Amino acid sequence: MGAGPLLCGPRDMPRIPSPARRSYKSTGKSTGRIVRMSFRARSGSMPALRCAATAESWSLINPLSFEICRAGRLAEIIDDLARLRIAIFRDWPYLYDGADPVYERRYLEVYLRSPHAAAIVARDDGGRIVGASTCLPLADEAAPMRAPFEVRGQDLRRFFYFGESVLLPACRGRGAGVRFFALREEAARAAGADFAVFCAVHRPPDHPARPAGWVPLDGFWARRGYARLPGLSCTYPWKEVGTGHEVPHRLDFWGRALGAVPLPEQLLEDR
């Protein structure tokens, strides 16, 4: 194993090979933010296995709780959603220079007007809202998001649009992304939607603000069952950091079927 303890999460815990009989014993010791646990097998020839994990990486330590906040309660969390958007979307890849809560609230009113809109709210163990993820019927979204589907003759009532997903950096790595998708899909199915779609900002590989080593979320989305919808994009403006004015941005669509009915062929054709 090496001289030092292995840093890992719950799914990475070392497994003692069968057929050895096992006895797992926690030392119960904790130093600072590190939890140390020992695992010993009742086999004289087998070395003790040790594991240490940072508290931030374990969902059982300082866990997040999630709830679906539906249309009637969305007004209660709009200000928190605006606060999170301003803080998080300033970073790459969105580079959103937002600082006006009034503008944010006006932008988010689309969720208050939609009877089937929902937000997945993440709270820390103190009850503070640390993340949120939104969704609503595509028919209730803004015109730029609807247009690519309308020109392809799609019935918008069959689609649910997944909006922003925002989570404070200190709370990442605890499975929130998976929960955000799963609970939005639950809300979409409950509203009778056949398909879920969302869009992501397109940035060229040589963009000067691109952080070194940045990895896009394409792989994560693909593991959730989503695929890039070729040729399906829209344009949406926002004030970009360092420009001082609104800039049009290209957003590329992704989607998946929520049941047995496959995505329409017209959305899979690269026009």
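**Overall architecture and selected contacts**

The protein chain contains 5 helices and 12 strands. The model is a predicted one. Of the 271 residues in the chain, 40% are classed as buried. Among contacts with a separation of 6 or more, 68% join residues 24 or more positions apart.

The largest nonpolar core has 66 residues. Within this core, F149, Y161, F162, Y226, L251 and F253 touch the most other members. Strand β10, residues 195–201, gives the most to the core, with 7 residues. In soluble globular proteins, nonpolar side chains tend to be buried together.

One of these core residues, Y226, was examined through its contacts. Neighbours within four places in sequence are set aside here. Y226 then contacts F162, F181, E185, A196, F198, W221, W254, G255 and R256. F162 also belongs to the core residues that touch the most other members.

Helix α1 spans residues 78–88. Its buried residues are I78, L81, A82, L84, R85 and I88. These residues lie on the same side of α1, because they cover an arc of only 165° around the axis. An α-helix has 3.6 residues a turn, so residues three or four places apart point the same way. The cover over the buried residues of α1 includes α2 (101–113), β8 (129–137) and β9 (159–167).

E104 lies in helix α2. E104 is buried, with a relative accessible area of 0%. Beyond its neighbours within four places in sequence, E104 is in contact with A82, R85, I86 and Y96. Both A82 and R85 are among the buried residues of α1.

R105 is also placed in helix α2. R105 is partly exposed, at a relative accessible area of 31%. With residues up to four places away in sequence not counted, R105 touches I78 and D79. The side chains of R105 and D79 are joined by a polar contact of 3.0 Å. R105 and I78 are 27 residues apart along the chain, yet their C-alpha atoms are separated by 6.9 Å. I78 is one of the buried residues of α1.

The peptide bond from W92 to P93 is cis, with omega near 10°. L95 is found in the loop between α1 and α2 as well. The phi of L95 is near 55°, a positive value in a residue other than glycine. Most residues other than glycine have a negative phi, and most peptide bonds are trans. L95 is buried, with a relative accessible area of 11%.

C234 is in no disulfide. The nearest cysteine sulfur to C234 is that of C199, 4.6 Å away. C234 counts as buried, at 7% relative accessibility. C171 is buried too, with a relative accessible area of 5%.

How values were computed: Residues numbered from 1 in each chain as written. Predicted model: local features only at pLDDT ≥ 70, side-chain atom pairs only at ≥ 80, totals over all residues. Heavy atoms only, no water. Buried < 20%, exposed > 50% of the residue type's maximum accessible area, 1.4 Å probe, protein only. Disulfide = S-S within 2.5 Å. Core = buried A, V, L, I, M, F, W, Y, C linked by side-chain atoms within 4.5 Å. Helix = DSSP H or I, 4+ residues; strand = E, 2+ residues; numbered from the N terminus. Contact = heavy atoms within 4.5 Å. Arc of directions from axis to C-beta. Polar contact = N/O pair within 3.5 Å; in protein donor to acceptor, adjacent residues only side chain to side chain.
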